[in-house]
Each structure stands twice: as C-alpha cells, then as structure tokens.
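Subject: Structure handover and notes

Hello,

Here is the structure for you to take over. My notes come after it.

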Amino acid sequence: MVIHSAAIADEFSLRLTFVLFVSVVVVTLFTALLTAPQRDEISEFYLGNRDMTPLRNGLAMCGAYLSAATLLGSTGRVALNGYDGLMYLGGTVVAWMMVLLVIAEPLRNSGKYTLGDTLALRLPHGQRQVRLALSLCTLAVCLLYLVAQLVGSIALLTQFIGDPSGATRTMCVVVIGSMVVVYAAIGGMPGATFLQVVKAVMLVAGVAVTAVMVLHHFSWNIDDLLSSAADNSALGGRFLEPGLQYGGTTTNKLDFFSLQLAIVLGLAALPHVMMRLLAPRTTRVARGSVVWAMGLVGFVCLMAGVLGLGATAIVGRESIAEVDPRGDATVLLLSHKLGGAVLEALLSSLAFITLLAVAAGLTLAAAASLAHDLYGEVIRKGKAKQTEELGVARLAAVVIGVMGMMLALLSWGSSTATLAFLAFAIAASAILPTIVYSLFWRGFTARGALLSLYGGLLCSVLLVVFSPIISSQPSSVYPDADFAWFPLQNPGIVSIPAGFLLGWLGSLAGGRTEPTTPDDTFEEFEVRALVGTDQR
Amino acid sequence: MNLELFGRLTLGLTLGLVQFVVMGLAAWRYVRHMRERVDPIVLRLRAQQREREQQQARVPSGRRFGAW
C-alpha cells in the first residue's frame, strides 16, 4: 500500500493553510478551556449545556457527523465514478430520516448520560454484563472511526508535502491526536460542542461558496455542468449512468447494497451522534435539532455532489486520478483551479478542522462509555463518586487518544472512507439491534442483548478479517496472503441481519429459564420513552 | 435509468434528486403531525402523572386505601 499522490499545493497555500488552521485551533481551544466544566459534575462533562437551541444543537450534530470522509472521500467518488458516487450521498439523508422517525425521541426520553443507562432502565436484571458488552462495542466503533480520522489527516498532509517520511507521519498524528485529547479530556462536552458548531458553520459556508463558484462557472446551467462533466470524464455518457464502480458482477452490486445498508442503519447507532441526542432537556428540542441536522447534512451532501461533478468538468477525471487514485484530492484540486491558493488553503484547513471535531466527539463518547458504564457501574457497582468518575473519564479520553494514535500509525496507508464505513457497519450490526429491541420489543431480555452485542461485533469483525480489505488484493493490508473467502468489502449485508437474529434468538431461548422481566418494568419504560416523564 | 429527461439529466439522477425532496417533505409532515396530534396528548399525560404522584405523596402511606 503506497500512496502515489504527489504534492499539489504550493508554498504559499501551505503557509496559509497552516495559519488558518492554527488560528481556528487557538480560538476553539481557548473557548474549550473557558467553558470547561468547573464544578466536577458528570452531567456537565457528558452532556454539556442542556439548554441549547435546536439550531445550535443541530449544528453540533451535523458537525459531529460530517467527517473528512464526506468532504474529501465522497466528492472524490463522485468525480471518479459519476453516478455511482452520487448514490453514496443519497443514503446519508435517509439515515437521518431513520434517526428522526424511529430513534431520536424515545431514546432521548429514556436516556440519561449514555446508552447504557437506557438499557439499565429497560433490563434491570443483568444490567452489568449488558453495560460491559455495550462499552466494548462502543469502544470498538469509536476507535475504528477515530483511526479513520487520524489516517485521514496523514492523507491530507500528503497532498501538501508529497509522500511523508516516517517522522513527519508520526508528528502529524501525534499533534492532531493530542489536540483531540485536550479537547475531550479538558473541554468535555462543552468544548467539543463549541468546536463542532464552529466546524459545521465553516463547513457549510465553505462548501456553499465553492459550489456557488462552480455553478457560476457554468452560468447556473445544471445541464451544462452535467454535459461538461460527462465530456471531460473521457467516458462520455457512461459517466452519468449506473455501473461505473458497482456494475457488472453480482458481487459488486451486493457490495453496494451492503454499503448503503451500513450507511443508512449505522448512523443511528454511532455513539457520538447518540450522545448529542441525549443532550437536549426536552423532546421538542431534540426533534428540532435532528431536523436541523438533517437539513444541513442534506445541503452539504447536495453541494458535495455539485463539487464532485464540477471537479470532473473543470479539472478532468484523468488528472484527478493521476494525483490520487482514490480521489481524496478532488476538492483541493478543484479549489486550486477555481479560487487559487486562497480557496485551496481555506478548504484544506477546513478538512483538518473537520477531522479534529469528529475525532474529539468520538473520543468523548468512548470516554463517557468507559467511565460511566465500565468504571462507574461495572467495576464500582454504582458507588463511584462524581469527581472520581470524572477523573476516570478524563483518563479514559487520554488512553483512547493514545490507542487511536498508535493504531493510526500502524495502518496509515489504508483508505479513510473504508475505515469509516467499517465503523458504520459494526455500529449497525452490534449496537443498533439492541437499541431497536429495547425501545420497541417487550420480549427482549438481557441474554438477547448480550448475544446481539457480542455476536454482531464478532460477526462483523470476522467478516472484515476474511474480506478483500485484509488480504488477496493489491490494495489490501496483506496483499501477498490470500484468506479472503468473504467476497464483499462491506460486511453489513450479513452482519446486520445476524445481529438482529441473534438478539431475537437469545431473547426467545432465555425466556423460559431466566427470570423474565416483570411486565411493569417494560410498561414503566414505555411510559417514560413515550411521554418523557422527566420534563416539565 | 439512462432515459434522458431534460438534456443530460437522466431518470436516475432525477430520482436521486427527488429522494432529497421526499425526505424534506416527510420530515416536515412528521414534525407537523407530532406538534398537532401527539404533543398535546403527551403534555396531558405528563400532567396527569404529575398529579397522581403529588396525590400519592400527600396521603400517608399507611392510610392510602379506604377510610375504614
């Protein structure tokens, strides 16, 4: 695995990027320090300011969700694969629809600090084992996604200085990783929120400005944009037809379906997005913020489509593929062509800040799960003092950050988008079944939860190990070995149904032997989930 | 999917755009439905539950059932 891309930015653009990035980091870091939780209360550290307006919480949600994989990876896929790339972008909005219609309100009403609290309320018997399993799954998803962000920072650096040496790579990951740790460990949720809001505003504005420039270039004629994209792709009409990336064999088509399934279902189970859902004090604000987040994400996705098509039309598909065969450089090439060094520097500093904000949210979510579920409830059995738990949470953030940095240095050559979509698949197959069953199915038991959490995690990880990502292909981690008997790149199509099935079977099997959940537990839970009795 | 509707805009691309519109409409309908039909019921139930809790708190637990 070698990154072939050469440096595409000049000295001036590099300096400007650095200045912009550092100034945003300094401002957000100081704000994180100023707004850091002062009173050693876990609610402030985990949830931050609970009286935010729907717009601000929605912006933070959008900032937590949109990663560099979207900004760089999706536009690249659109530019290289045309129609098949555009289809990625549609799935995202459907995913937010899932969150809005199914998960958001009952989860907010029944939750407290983490998802573990919801499960403890629903499954009081054996809640310790369930919390343990849940925090393991959360840790796996967060670490994988965190590694994806840090690997993305290396890929981004490559655009500026060419193939980085080992020392440069290490320095880049360590600098970005320690910033993430500072935001998460010291700033807690208030710090992460501020960073995410700033990033979301910058991202929406930056993408909108660039898209307007693209559309202006074609004098607001969409048809003109489409036909120049098709002409400059050297593929003609095929560029705007399905099948460029996922056509041909059935395996390819199944792979695409599997990926879309993971994108649509994974979002609802991502720990850092879930933490944002728990933050508002009232159901109405939670609903409003999901609607805002959905609108903003939808807007950014549409604009990303315009950027990708514009890049093919203006820069040309072949010169994009020449610089980076995965297409991660697309936005930067386009902005260089459209707005010169200034716009390029703006967008690349934006990409770095995007990485930082998503990584901070992930580290915080993993730290909250470790400290609250694993330390507070499993190890100390609910007897830990708040200051004690808070200390553990800060320590956990540091540990997770360091682990993420080390893993990122080990796997620096892999593709950001692949790692991110894997995290989605694992979240959808391990965590989502438990959420859905515990919110909506009376017969769900602790055994079912354990089986679906561990089973979904194991199933998706094993399928990845035996997939072409790890072996048998030139782009995989071990290109020389071949133990890839699972043909798909994305395990979702098998592991998500497996997770649901295991949860169902486990609940049925344990139903007769273990003490069944008393009916009033579920009824009490349901009243709380539907009515939200904690609010005035 | 490759049927060209307006110039280069194919049926597939149009369906992709329509999806965004449908999602927007669905979200709008959902929010309106919740605000007009569901929220009033939820508020009433919440108030009922609060009342019941207050009543239970007022009556000492020894004499909760009947005055006999």
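Predicted model: local features only at pLDDT ≥ 70, side-chain atom pairs only at ≥ 80, totals over all residues.

Residues are numbered from 1 along each chain as its sequence is written, and chains are lettered from A and ligands numbered from 1 in the order in which they are written.

**Core**

The largest nonpolar core has 199 residues. A core of this kind is a set of buried Ala, Val, Leu, Ile, Met, Phe, Trp, Tyr and Cys residues joined through C-beta atoms within 7 Å. A residue is buried if 20 or more other C-beta atoms lie within 10 Å of its own, exposed if 12 or fewer, and partly exposed in between, with C-beta atoms placed from the backbone. The residues with the most contacts inside the core are Trp96(A), Val297(A), Leu356(A), Ala367(A), Ala423(A) and Ala427(A). Helix α14 of chain A, residues 330-379, gives the most to this core, with 29 residues. Helices (H or I, at least four residues) and strands (E, at least two) are DSSP runs, numbered from the N terminus.

Ala423(A) is in contact with Val141(A), Leu144(A), Tyr145(A) and Ala148(A), leaving aside its neighbours within four places in sequence. Contact here means that the C-beta atoms of two residues, placed from the backbone, lie within 7 Å.

Leu355(A) is found in α14 of chain A. Leu355(A) is buried, with 27 other C-beta atoms within 10 Å. Not counting residues up to four places away in sequence, Leu355(A) touches Ala68(A), Gln149(A), Gly152(A), Ser153(A) and Ile176(A). Leu355(A) and Gly85(A) are 270 residues apart along the chain, and their C-alpha atoms are separated by 22 Å.

Two helix pairs are described here. Axes are lines fitted to C-alpha atoms, for helices over the stretch in contact, and angles run from 0 to 180 degrees between N-to-C directions.

Helix α7 (residues 127-161) and helix α15 (residues 386-410) of chain A have axes that come within 9 Å and cross at roughly 55 degrees. α7(A) and α15(A) are therefore oblique to each other; angles under 35 degrees count as roughly parallel, over 145 as roughly antiparallel, 65 to 115 as roughly perpendicular and the rest as oblique. The crossing of α7(A) and α15(A) is right-handed, the term for a near helix turned clockwise from the far one by less than a right angle, with anticlockwise being left-handed. On the α7(A) side the residues are Cys142(A), Leu143(A), Leu146(A), Val147(A), Leu150(A) and Val151(A), and they meet Ile400(A), Met403(A), Gly404(A), Met405(A), Leu407(A) and Ala408(A) in α15(A). By class, this contact has 11 nonpolar, one polar and no charged residues. Ala, Val, Leu, Ile, Met, Phe, Trp, Tyr, Cys and Pro count as nonpolar, Asp, Glu, Lys and Arg as charged, and the others, Gly among them, as polar.

Helix α5 (residues 83-110) and helix α11 (residues 271-278) of chain A pack at an angle of about 60 degrees, with their axes 9 Å apart. The crossing of α5(A) and α11(A) is right-handed. Ala104(A), Leu107(A) and Arg108(A) of α5(A) make the contact with Met274(A), Leu277(A) and Leu278(A) of α11(A). These residues divide into five nonpolar, no polar and one charged.

Chain B has one helix and two strands, and its elements run β-β-α from the N terminus on. Of its 68 residues, 6% count as buried.

The contact takes 22 residues from chain B and 23 residues from chain A. On the side of chain B that touches chain A, the elements giving two or more residues are β2 (9-10) and α1 (11-58) of chain B. The largest share of that side, 15 residues, comes from α1(B).

**Backbone points**

Most residues other than glycine have a negative phi. Ser219(A) has a positive phi of about 40 degrees although it is not a glycine. Ser219(A) lies in the loop between α8 (166-217) and α9 (222-232) of chain A, and is exposed, with 8 other C-beta atoms within 10 Å. Ala234(A), also not a glycine, has a positive phi of about 65 degrees. Ala234(A) sits in the loop between α9 and α10 (250-266) of chain A, and is exposed, with 12 other C-beta atoms within 10 Å.

Regards
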